[in-house]
Amino acid sequence: MSDDTRQRRRKRAPRGTEAHQRQVNYTELRSPFPIMKAFSDDRIEAIHEAALTLLETVGIKVLLPEARQILRAAGALVDENSQMVQIGREIVRAALATAPRRVVVKGGRPERDVTLELGRLVFQPGGGTPHASDLLRGRRPGTGRDFRELVQLTHHFDALQMVSALLEPQDVAPALRHYFMIEAQLTLMDKAPFVYGRGSPQVRESFEMIRDFRDLSDEAFAEHPHSYTVINTNSPRQIDIPMAQGLIDFARHGQMVIVTPFTLMGAMAPITVAGAMTLSHAEALAAITLNQLAKPGAPVLYGTFTSNVDMKSGAPAFGTPEHFTASLVAGQLARHLGLPWRCASGAAAAASDAQAANETQFGLWGCLLSGATVVIHAAGWLEGGLTLGYEKLITDMEVLQMVAELCTPTSAEDAELAMDALAEVQPGGHFFGCDHTMARYQTQFYAPLVADWSNYGRWQETGALTATERATGIWQNILKADRRPEVDPARLEALHGYIDRRSAAGGAPPES
């Protein structure tokens, strides 16, 4: 390299330091991934017809009397003694016709609104676990502190566009738990909150807290969903009382329901992928039908969580080829209906290790290639849903942010062809200091969250930490920064007053 060239590059270097910091937007993603099919279209139609036949001729057990009355009024055959309900296919088809193809869930500010339709891509952290785990405090029953911390971590990452149920704060009494969970979500984040469907009293009070904190009228609250829940059927072929009540209550208040049968092949579902998905599809259709009969047009998503079990122990397995394939089938069935839908990743591994990463990523790719709208358990989920791991959440976020990067189109305009740089750099040279690089080097590439790209020597000098160990410092720093949304003091005072009054009266039992 000539002295003149060195001088030019030294003079240009300061310009690079003035380049803008990299700006990213992970709040609204559209999937760029090609759709993969597991079965031919005619076999998907066969599964759909088989599910309709199952509901029509064999039926599903519905434990809530009000739900049976709603289904009977629509023409279903109801046996009150056995609580079995046979739902004709025309009833199901009419209900599917009213289910919306597009749902907009309102956040605490417009930037947090989430649009759900086929082609969109939304991630949620792991949810519903009884335990938490991190390298500092170990594995433990979930507490209120854990729940609040996980809400803060969810708020921090834009690539988690929706929150999940996260974990159970077991140190909070069941009759008061909904107050605690709603208060944490409303004050520590501005994304749409999750509400458990644990009976009408708790659901009603949760809606009242959200409505008033968002300064909405009853009409405005019901016009758009400002919260959501997940409704799980009790496979095989049963909808219990709180789940049926949730399908009705959420519909009547205009709040979103994600219907999600949890069918494990070889356990509560047939051992074959096709058989398990026939059952899952039938249960989803029955629940969506009840929801739409309660209020036509109510916001609802199709969903599935189908994987297999270890036939040696009976333990659930995730991130398996069967889990992947079932996700593909679910995507085909959702598109057959035309509904936005929810899929799931997850891991059976007991620790944040290579097994956990492999299972989560393999399950994630099943969701991505099946065209899922919402992917739950995309970060942090361990032990098949028994634990939410702090370090696992951080290392999974690395993958989710890279997926989000892939959702942003890569430009190939004339400037990106780099003809000036190709002419400037001589054969055998390098592009580190050329104008094209200096103008872009701070913003061109994805900046890793937890990955360490240093060489072995440098890695040793800085502590030889694994990615899981580095993740500890990351979640600690996020919590220490404590960046929460601005809250209207008057609304906060009103929320706390509501909770204090209701708590003093004993709260609300989780019953319908």
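This dialogue walks through a few features of a predicted model.

Trainee: What should I know before I start?

Mentor: Residues are numbered from 1 along each chain as its sequence is written. In this predicted model, local features need pLDDT of at least 70, side-chain atom pairs count only at pLDDT 80 or more, totals for chains, interfaces and linings use all residues, and side-chain values use heavy atoms, with hydrogens and water left out.

Trainee: How do I read a pair of aromatic rings, and how many aromatic pairs does the structure hold?

Mentor: Such a pair is described by the distance of the centres and the angle of the planes. Rings of Phe, Tyr and Trp (its six-membered ring) pair if their centres lie within 6.5 Å; planes under 30 degrees apart count as stacked, over 60 as edge-to-face and the rest as tilted. The structure holds 13 aromatic pairs. One of them joins F194 and Y228. Their centres are 5.3 Å apart, with 75° between the planes, and the pair is edge-to-face.

Trainee: Which parts does the pair of F194 and Y228 tie together?

Mentor: Helices (H or I, at least four residues) and strands (E, at least two) are DSSP runs, numbered from the N terminus. F194 lies in the loop between α6 (174-188) and α7 (200-213), and Y228 in strand β10 (residues 228-231), so the pair ties together parts 34 residues apart in sequence. Both F194 and Y228 are buried. Buried means under 20% relative accessible area, exposed over 50%, and partly exposed in between (1.4 Å probe, protein chains only).

Trainee: How are the rings of F324 and F362 arranged?

Mentor: Their centres are 5.0 Å apart and their planes at 35°, so this pair is tilted. F324 is in helix α11 (residues 321-337) and F362 in helix α12 (residues 354-369), so parts 38 residues apart in sequence are tied together. F324 counts as buried, at 11% relative accessibility. F362 counts as partly exposed, at 35%. Elsewhere, ring pairs link F262, F305, F318 and W381 into a cluster.

Trainee: Which rings have the charged end of an arginine over them?

Mentor: A charge sits over a ring if NZ of Lys or CZ of Arg is within 6 Å of the ring centre and within 35 degrees of the ring normal. The charged end of R137 sits over the ring of Y390, 5.2 Å from its centre. For R198 over the ring of Y196, the distance to the centre is 3.6 Å.

Trainee: How many salt bridges does the structure hold?

Mentor: Start with the idea. Side chains of opposite charge can pair when their charged atoms come close. A salt bridge is a side-chain nitrogen of Lys or Arg within 4 Å of a carboxyl oxygen of Asp or Glu. The structure holds 35 salt bridges. Among them is E117 with R30, whose closest N and O atoms are 3.7 Å apart. This pair links distant parts of the chain, 87 residues apart: E117 is in the loop between β6 (114-116) and β7 (120-123), and R30 in strand β1 (residues 29-30). E117 is buried, with a relative accessible area of 15%. R30 is partly exposed, at 46%.

Trainee: Where do E66 and R252 lie?

Mentor: E66 and R252 meet in a salt bridge (2.8 Å, N to O). E66 is in helix α3 (residues 65-73) and R252 in helix α9 (residues 241-252), 186 residues apart. E66 is partly exposed at 26% relative accessibility, and R252 is partly exposed at 42%. There is also a network: salt bridges link D134, R137, R140, R145, D146 and E149.

Trainee: What is S370 in contact with?

Mentor: Contact means heavy atoms within 4.5 Å. Leaving aside neighbours within four places in sequence, S370 touches I35, S327, L328, G331, R335 and W341. S370 lies in the loop between α12 and β18 (374-376). At 0% relative accessibility, S370 counts as buried.

Trainee: Is Q401 buried or exposed?

Mentor: Q401 is buried, with a relative accessible area of 11%. Helix α13 (residues 390-406) holds Q401. With neighbours within four places in sequence left aside, Q401 is in contact with Y26, F157, A159, Y446 and L449.
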